[in-house]
Amino acid sequence: MPDALAQAVAPSSLTGDGGAARPPGPGPGSALVDAVALNKPRRTLIPLPRPVRRLAGPLLLVLVWQLLGTFGVVGERVLAPPSAVFSAGWELTRTGELTDHLLASLTRVASGLALGVSAGLVIAVVAGLFRLGDELLDSTMQVLRALPVLGLLPLVIIWFGVGETPKIALVAFGTAFPVYVNTYSAIRGVDHRLVESGRTAGLGRLGLVRHVILPGAVPGFLVGLRFALTGAWLIMIIAEQLNATNGIGYLMNQAQSWYRTDIIVLGLLIYGLLGLGADALVRLLERRLLSWRHGFEGGA
Amino acid sequence: MTTASDTDKDTAAHTATAELAVSARKVTRTFAGREVLSGIDLDIFRGEFVALLGRSGSGKSTLLRAMAGLDPETGGRLLVPRRRAVVFQDHRLQPWKRVLENVILGLPRQGARDRGRAALAEVGLTDHERAWPGTLSGGEAQRAALARALVREPELLLLDEPFGALDALTRLRMHALLRELCAVHRPAVLLVTHDVDEAILLADRVLVLTDGRIGPPRTVDLPEGRRRTDPDFARLRGDLLAELGVAEG
């Protein structure tokens, strides 16, 4: 046994190799620790499942918020307590108003997203795959990307009036860019070694696009889609508050005139929930489209 | 027969190359003014296993890439068969395709899956046909890459340090597997490697690439089941190491 190796294992009476000569190690050595236990998670103080424990914080916040309202520390005109928000939600749902506004907003966002995401995707593919497309489109997109979307609002109103079109156009404009930028750079970033291996496997240009380049760009596209979804709601809130006769943003704006903070908070809550829903949707897409990644994340 | 660059169609060469899988004449390649290949002449016969040794940066991979048709900047005349396949040092499986789909990538759809399964069986990966490449071990991934190459029934198999990234034990098993498969399929093989032992164990002929030129060919004439302990093996290794500029310790 080489000396170095022996020393590394040595200082212990637990090794059980009573017959082997003890090498000249550094004395009795420190106590041994259990390597397996080192990595075990520590037991928590509260014996509750993790999701329940994670919910405790937000629930506590709601409780404090409610108490502040109940004891009159914060007036209803400043911030309505959760109970008032809840009853406002119930009331508006009962009359069908909330559903109408929600549907109006959802339709706008969905149409704008559909347009913007497809435009961003198509432009990214053309610019990513063809040199001429790249030269013509990429610089153009980079310039347009620098324009603040909401700054276009007055112009869009002049062009399209006050109907549905300007809102959809704004959402489309605002969502095309994140999709474009991320998809384009993902296409450009596809590992050239994979392209080479595809080529030696006999793939032609079309085959390379279909089997190597586009699948390789999906992760980037999904990142762009995430940004687009968040951006779409942001744009929609502003657009609806400035210029609309229905939608959640309009509802909130009306509530402002009557100091109905319960409805305003309700609107915010709905936006939050929609954001969560959009995120869940993308995660579902990721799970389906990126199942091959599980190998790398060890979650197979 | 086609040219690697599809520019040079010398009809006279076709008659002369009936038994050849590779015919290289005065092949050159320059990178930013530095000549990496300076006039390579090389014939590889059908079914012949040639190993090409060289130090890191000697241009051996450059020559292989030219034969693979991956380098349009190559000068000279380089004739290779139409059906050729490459195994790289990294497996280069498409991470978003399952193993079987990787193996049959680029094949005509008709009967591809059955052929792919047969190739996977040959490399012992039948149980992994639905696995994602990311879940394979290094040896398994490299076997899948070998299956992807063999399923095309190549006339020329190009191996670019295919076992360089594997551990020593896996490498030994891969050597045995490659020897078996080549005995069955009989492609012409060009193995680029820096491992002298590997070259002697596998090849019929070993070449050394130094300063952009190929040295004298050395035919490996060892009894079946080549052993490193064979004195002829040791002599050949010594000669090759000397040619590579390494003194044997």
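Select Arg186(B) and show what it touches: leaving out residues up to four places away in sequence, its contacts are Gly47(B) and Leu181(B) (contact means heavy atoms within 4.5 Å). This is a predicted model, in which local features need pLDDT of at least 70, side-chain atom pairs count only at pLDDT 80 or more, and totals for chains, interfaces and linings use all residues. Residues are numbered from 1 along each chain as its sequence is written, chains are lettered from A and ligands numbered from 1 in the order in which they are written, and side-chain values use heavy atoms, with hydrogens and water left out.

Stay on Arg186(B) and draw the distance from its side chain to the backbone oxygen of Gly47(B): 3.2 Å. Arg186(B) lies in the loop between helix H6 (168-185) and strand S8 (188-193) of chain B; helices (H or I, at least four residues) and strands (E, at least two) are DSSP runs, numbered from the N terminus. Is Arg186(B) buried or exposed? Arg186(B) is exposed, at a relative accessible area of 53% (exposed is over 50%, with a 1.4 Å probe and protein chains only).

Next, select residues 205-242 and 248-257 of chain A, which are helices H10 and H11. Their axes, lines fitted to C-alpha atoms over the stretch in contact, lie 7 Å apart at an angle of about 50 degrees. To see the residues that meet, show Ile237(A), Glu240(A) and Gln241(A) in H10(A), with Ile248(A), Gly249(A), Tyr250(A), Met252(A) and Asn253(A) in H11(A).

Definitions and conventions: Buried means under 20% relative accessible area, exposed over 50%, partly exposed in between (1.4 Å probe, protein chains only). A polar contact is a pair of N or O atoms within 3.5 Å; within protein, one must be able to donate a hydrogen and the other to accept it, and residues adjacent in sequence count only if both atoms are side-chain atoms. Axes are lines fitted to C-alpha atoms, for helices over the stretch in contact, and angles run from 0 to 180 degrees between N-to-C directions.
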